[in-house]
Amino acid sequence: YSLNLNPGLGFSINDTTGRIVLKKPLDYETVESLDLIVAAFDRGFPPRTALLNLTLVVTDVNDNAPVFSQKSRLILNVSEAVIPPHPLQKFLATDEDSGTNGMFSFSLTG
């Protein structure tokens, strides 16, 4: 067996059993899927080969926290003359995770 891939991708294959082994962690935010070619060679003469197209789909995990676009500490000066309900500040945040892992909500404590 052999794998047709860039060695830097972090996979290997056992040339006898065909077992593919992950050699380094995957990161969905870097690579969502990989297309690989697995080849099986017999020992006959002439040698014969079979090829298999393999698409490896990386599933996302919640490995990134939301990030505010503002500084981590913000001071708002609010006049006592402001009449409620008056908007004070709009906060923006992003999360690099996908799907429900990238969804978030805001809360206020104090």
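Is F104 buried, partly exposed or exposed? I looked it up: F104 comes out as partly exposed, at 35% relative accessibility. My cut-offs were buried under 20% relative accessible area, exposed over 50% and partly exposed in between, with a 1.4 Å probe and protein chains only.

Ground rules first. I'm working on a predicted model, where local features need pLDDT of at least 70 and side-chain atom pairs count only at pLDDT 80 or more, while totals for chains, interfaces and linings use all residues. Residues are numbered from 1 along each chain as its sequence is written, and side-chain values use heavy atoms, with hydrogens and water left out.

**Overall form**

I counted 7 strands and 0 helices in the protein chain. Those are DSSP runs numbered from the N terminus: E of at least two residues for strands, H or I of at least four for helices. The C-alpha atoms fill a box of roughly 90 × 20 × 20 Å along the principal axes. I found 14% of the 110 residues buried.

I also checked contacts, meaning heavy atoms within 4.5 Å. Of those between residues at least 6 apart in sequence, 42% join residues at least 24 apart.

I75 sits in the loop between β6 (67–68) and β7 (93–94). I noted I75 as exposed, with a relative accessible area of 64%.

**Aromatic rings**

How many aromatic pairs are there? I count 3. F68 and F106 are a tilted pair, because their planes stand at 40 degrees, with ring centres 6.1 Å apart. This pair links distant parts of the chain, 38 residues apart: F68 is in strand β6 and F106 in the segment after β7. F104 and F106 pair edge-to-face, at 5.7 Å centre to centre and 85 degrees between the planes. The rule takes rings of Phe, Tyr and Trp (its six-membered ring) with centres within 6.5 Å; planes under 30 degrees apart are stacked, over 60 edge-to-face and the rest tilted.

I then looked up cover for the other two rings. F68 is partly exposed at 46% relative accessibility, and F106 is partly exposed with a relative accessible area of 48%. Ring pairs join F68, F91, F104 and F106 into a cluster.
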